[in-house]
Amino acid sequence: MSQPAMINRYRWYELIAIYAGIFVFLAFILSPFVEGFLVSLKPLGLLFSSPYKFWPENGSFDAYRTMWVSVPGFARYIFNSFFISTIVTAVVLVLVVPSAYAFARFKFRGSGPLLAAFLAVNMFSGAVLLIPLFRLMRTLGVLNTYFAMIVPGVAFLIPSAIWLLRTYMMRIPRELDEAAFVDGASHFYTLRRVILPIAMPGITVVAITTFIGSYAQQFIFALTFNSKTEYMPLPIGLYAYFGRQEVIWNELMAASFVGIAPAVILIFLMQRYLVAGLTAGAVKQ
Amino acid sequence: MSVQRSTVIFAWILLLPAVLYVTVIVAYPLVDTFILSFTDASLKKTTNWVGWANYDKIFNGTFAEVIVRTFVWTFFSVSIKMIVGVFGATMLNAAVPGRALFRVLTMPPWIVPMAIGIFMWGWMYNGQFGMISGMLQNWGIVDGPVAFLARGSTAFWATIITDVWIGVPLVTLYMLAAMQAIPQDLYEAAWTDGAGRFYRFRRITLPLLIPSMITMSMLSLIATFNSFDIIWILTQGGPNGETTTMIIDTYRTAIGSKKYGEGAARAVLICIFLSIFCLAYFRVTSRLAQGDSR
C-alpha cells in the first residue's frame with residue numbers, strides 16, 4: 001500500500017528539476033497565447049514602436065470593443081464556423097455510428113481490407129486532392145456555399161471517427177447483442193435499443209473530437225472553395241483585419257481570442273473525455 | 001446459413017453510406033488526379049492528352065529541389081516533435097502536485113484553429129516589432145532587428161518550429177498515455193532492487209516506449225508531409241521559394257496558376273510518397289502487434 005507512495009517521493013532537487021522542465025515545456029506551448037493576449041491589450045501605437053516592450057503600458061481592453069466596429073461581419077464568421085462544424089459533426093456521426101458497429105461486431109469477407117482502406121484515407125490530406133475536389137464541387141454546383149466546406153470536411157474526418165468508435169464498441173460485451181438476438185430482436189433493433197445507449201459516452205467523445213477537428217481545419221477548404229464573405233469561417237474571416245497599409249494586430253488578436261473562447265470553454269469542460277478518447281484508440285489496439 | 005447471410009447483408013447496409021461517401025469525395029478525386037496529370041487541363045474549355053509531358057517538366061525543373069526540401073523539412077519537424085513530446089510526457093508523468101492542470105495546459109495548440117495559432121507566430125516572428133526579435137535585441141544577443149520570415153534560412157526554421165508547436169500536444173499526450181500503460185510493478189520491482197530514478201527511466205521506460213515512439217513518428221511523418229496551413233500563412237512558400245514544400249508548390253501551380261494538369265502530376269508524386277509511408281506504417285504496426293502477442 002505504501003510502496004507506490006514511497007517510489008514516487010522526490011528529493012528536493014528532483015522536484016526543482018521536474019518543475020523547471022515543466023516550466024520550459026509549457027513556456028514553449030503557451031508563449032504565443034501569452035504574447036497574443038498582451039498584444040490584444042496594447043494600443044496600436046505601442047505595438048509599432050521600438051524598442052520592444054513585453055508588458056502593455058497603459059494597456060486596455062479597447063481592442064475587444066473596436067474589433068466589432070472595424071470588421072462588422074465578425075460575429076457572422078464565428079457563427080459560420082460553429083454552423084459548419086455542427087453540421088459536419090452531425091453528418092459524420094450519422095455515417096460513422098453504423099459503420100463502426102459493423103466493423104466492431106461482424107467479421108465478413110473484406111472487412112479487414114475495407115477498414116485499412118478507411119484508415120488510408122487519413123493519410124491523404126485535403127490539400128493533395130484539392131484539384132479534383134475543386135472540379136467536383138464545381139460540377140455539383142456547391143462552390144461558394146456552406147456545402148463547399150462541409151462536404152470535403154466530412155470525408156476527411158470519417159476515418160479517425162470510425163477507428164475511435166470501433167475501439168469503443170469492441171469493449172461492449174458481445175453477450176448483450178446475443179441476448180437481444182435470442183429474445184427475437186432484429187439486428188437493427190439491437191443496434192438502436194441495446195448498443196446505442198451503452199455506446200453514448202464513446203459517441204460523445206467522437207462528437208467532440210470531430211467538432212474540434214472540423215473547427216480547426218476549415219482553413220484550406222474555405223480558402224479554395226469559397227470566396228463569398230457571408231459564408232467565411234473564422235480562420236479566413238480573420239484576414240479582414242489585414243488592412244491595406246498595416247495589420248490591425250491588437251484587434252486581430254482580440255478577435256482570435258473571442259473566436260476561440262467558445263470552443264476552448266467547451267473543451268475544458270470536456271477535457272476528461274478528450275484525453276480518454278484520444279488515448280483509448282491509440283495505445284491499446 | 002441464412003442467419004449468417006442476413007448478418008453479412010446487414011453489415012454491408014451499415015457500412016454502405018460511409019463507403020459511398022468516401023468513395024465519391026476521396027477515392028474518385030484520387031483517380032481523377034491521376035488522369036488529370038496526363039492532360040493539360042486548365043481554365044480553357046478544351047483539354048488535351050499530353051502523355052508524360054507534365055512529369056518531364058517536373059523533373060527538368062526545380063521540383064527535384066522541392067522534393068529534397070520537403071524531406072529535410074519533414075525530417076527535422078518530426079524529429080523535434082518527437083524529442084519535445086517525449087520530454088514533455090516524461091515531465092508530465094511525474095507524480096507532482098498540479099500535473100492535472102499542466103496536462104490541460106498542453107492542449108491549446110492542438111485544439112485552437114490552426115490559423116489562429118499561426119497568426120500569433122507570424123506576429124512573434126515580425127522583424128520590426130515582434131517578440132522574438134525584440135527580446136533578442138533587448139537582451140543584447142543580436143544588434144539589429146531580425147526579420148525571421150524574410151530570409152530563407154530563418155524562414156525555413158521558423159516554419160518548422162511552428163509546425164512542431166502545433167504537433168507537440170498530440171505527441172505528448174500519446175506518449176504520456178503509453179507511459180502510463182507500462183505496468184507499475186516493473187518499476188516497483190526495480191525500485192526494491194535499489195535502481196535509481198534515471199536507471200529505471202533508461203532501462204524500463206525508454207525500451208518499453210519504443211513501439212509507441214515508432215507508431216507516433218510514422219503518424220507524425222504522414223501528417224507533417226501534408227502540412228499546408230503553416231507555410232501558406234507564414235510565408236506562402238517564400239522568400240525565393242525557400243520554404244516551398246511539395247504541397248505548397250502543388251497548390252501554387254494548380255490553384256494559383258490554374259495549371260490543373262501540372263498540379264495534378266505533382267499531387268500524384270505526393271500520393272506515391274504517402275502510399276509508401278502508409279504501407280510502411282501498416283507493416284510496422286502489424287509487426288509490433290505480433291511482437292506483443294508473442
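Predicted model: local features only at pLDDT ≥ 70, side-chain atom pairs only at ≥ 80, totals over all residues.

Reader: Let us start with chain B. How many helices and strands does chain B have?
Author: Chain B has 13 helices and zero strands. Read from the N terminus, the elements of chain B run α-α-α-α-α-α-α-α-α-α-α-α-α.

Reader: And what does chain B span along its principal axes?
Author: The C-alpha trace of chain B spans about 80 × 75 × 30 Å. The radius of gyration of chain B is 24 Å, whereas a compact globule of 294 residues would have one near 19 Å.

Reader: What percentage of the residues of chain B count as buried?
Author: Of its 294 residues, 44% count as buried.

Reader: What about contacts between residues 24 or more positions apart in chain B?
Author: Such pairs account for 68% of the chain B contacts that have a separation of 6 or more.

Reader: Turning to chain A, into which domains is it divided?
Author: Chain A is divided into domain 1, residues 3–60, and domain 2, residues 66–283. Their centres, taken over C-alpha atoms, are separated by 32 Å.

Reader: How many residues does each domain of chain A bring to the contact?
Author: Domain 1 of chain A brings seven residues and domain 2 of chain A brings seven residues.

Reader: Which element gives the most on the domain 1 side?
Author: That is α2(A), with four residues. Both α2 (12–41) and α3 (44–47) of chain A supply at least two residues each to this side.

Reader: And which classes of residue are found there?
Author: The side of domain 1 of chain A that touches domain 2 of chain A has four nonpolar, two polar and one charged residues.

Notes: Residues numbered from 1 in each chain as written. Chains lettered and ligands numbered in written order. Rg over C-alpha atoms; globule rule 2.2 N^0.38 Å. Buried ≥ 20, exposed ≤ 12 C-beta atoms within 10 Å, placed from the backbone. Contact = placed C-beta atoms within 7 Å. Domains from an automatic or database assignment. Nonpolar A, V, L, I, M, F, W, Y, C, P; charged D, E, K, R; others polar.
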